Amino acid sequence: MNLYELSEQQAELIAQMYIHVDEDGVIADDFCDALDLAQMAIDQKLVAIQCVRLRAKAEEEMYLREIERLQRKAKASAGLDKRLKEYVESFMLRTGQKAIQAGTFKFRLQKNAPRLVVDESAVPPDFVKIETVQKIDKEAIKDCLKKGETFSFAHLEHTETLRVA
């Protein structure tokens with residue numbers, strides 16, 4: 001049974017409780033047993049759910065560690081690629097060769113598009129653009145709302161989250 005069905009079953013039992021109470025207000029033993037069984041089923045389901053959650057969290061951490069390991073390997077491969085490219089470029093520059101055919105590969109040095117290099121401390125004002133950034137002060141709005149002020153454009157939402165101890 002899922003939790004929804006278990007909660008429905010428990011709600012039905014609680015709704016039927018008045019039938020199983022005698023004149024002195026004592027609940028019949030068999031009804032108490034049924035309530036206990038329903039609660040045990042819910043407890044077992046919750047324990048099982050938490051075990052699955054813990055396993056999923058452990059798997060998540062394992063995958064995150066694997067991602068980190070693979071990222072380190074990818075970074076090492078990228079570094080090797082860069083060093084080998086620089087090695088071939090320096091060889092070609094030292095030997096003065098602009099193009100080399102080697103097996104099925106053709107290596108050639110090519111001029112890149114010009115790259116702008118600017119000393120920002122020495123740029124005259126004619127070449128400086130001033131930008132204004134407008135940003136909402138959410139902390140100030142939140143503080144005002146907490147103090148009881150109301151706004152048509154904002155409100156506080158209270159949510160709940162599950163904590164398992």
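**Pocket lining and a helix pair**

Trainee: Which elements each supply at least two residues of the lining of the largest pocket?

Mentor: Those are α2 (29-95) and β2 (105-108). The model is a predicted one.

Trainee: Which element gives the most to that lining, and how many residues?

Mentor: The largest share comes from α2, with five residues. The pocket holds about 330 Å³ of space.

Trainee: What makes a residue such as Met92 part of the lining?

Mentor: A lining residue needs an atom within 4 Å of a pocket point. Met92 is listed in the lining, as are Lys85, Phe107 and Asn112, among others, so Met92 meets that cut-off.

Trainee: How is the lining divided by class?

Mentor: Five residues are nonpolar, two polar and five charged.

Trainee: Why is α1 called roughly antiparallel to α2?

Mentor: The axes of α1 (residues 3-15) and α2 come within 10 Å and cross at roughly 160°. Angles over 145 degrees count as roughly antiparallel, therefore α1 is roughly antiparallel to α2. The crossing is left-handed.

Trainee: Which residues of α1 meet α2?

Mentor: Leu3, Leu6, Gln10, Leu13 and Ile14 do. Their partners in α2 include Phe31, Leu35, Ile42, Lys45 and Ile49. By class, this contact has twelve nonpolar, two polar and one charged residues.

Notes. Residues are numbered from 1 along each chain as its sequence is written. This is a predicted model: local features need pLDDT of at least 70, side-chain atom pairs count only at pLDDT 80 or more; totals for chains, interfaces and linings use all residues. Side-chain values use heavy atoms; hydrogens and water are left out. On a 1 Å grid over the protein atoms alone, a cavity is a set of points where a 1.4 Å probe fits but cannot get out, and a pocket is an open set with protein on both sides within 12 Å along at least five of seven lines; lining residues have an atom within 4 Å of a point. Grid points are joined across faces, edges and corners, and a volume is the space filled by probe spheres set on the points. Helices (H or I, at least four residues) and strands (E, at least two) are DSSP runs, numbered from the N terminus. Ala, Val, Leu, Ile, Met, Phe, Trp, Tyr, Cys and Pro count as nonpolar, Asp, Glu, Lys and Arg as charged, and the others, Gly among them, as polar. Axes are lines fitted to C-alpha atoms, for helices over the stretch in contact, and angles run from 0 to 180 degrees between N-to-C directions. Angles under 35 degrees count as roughly parallel, over 145 as roughly antiparallel, 65 to 115 as roughly perpendicular and the rest as oblique. A crossing is left-handed if the near helix is turned anticlockwise from the far one by less than a right angle, and right-handed if clockwise. Contact means heavy atoms within 4.5 Å.
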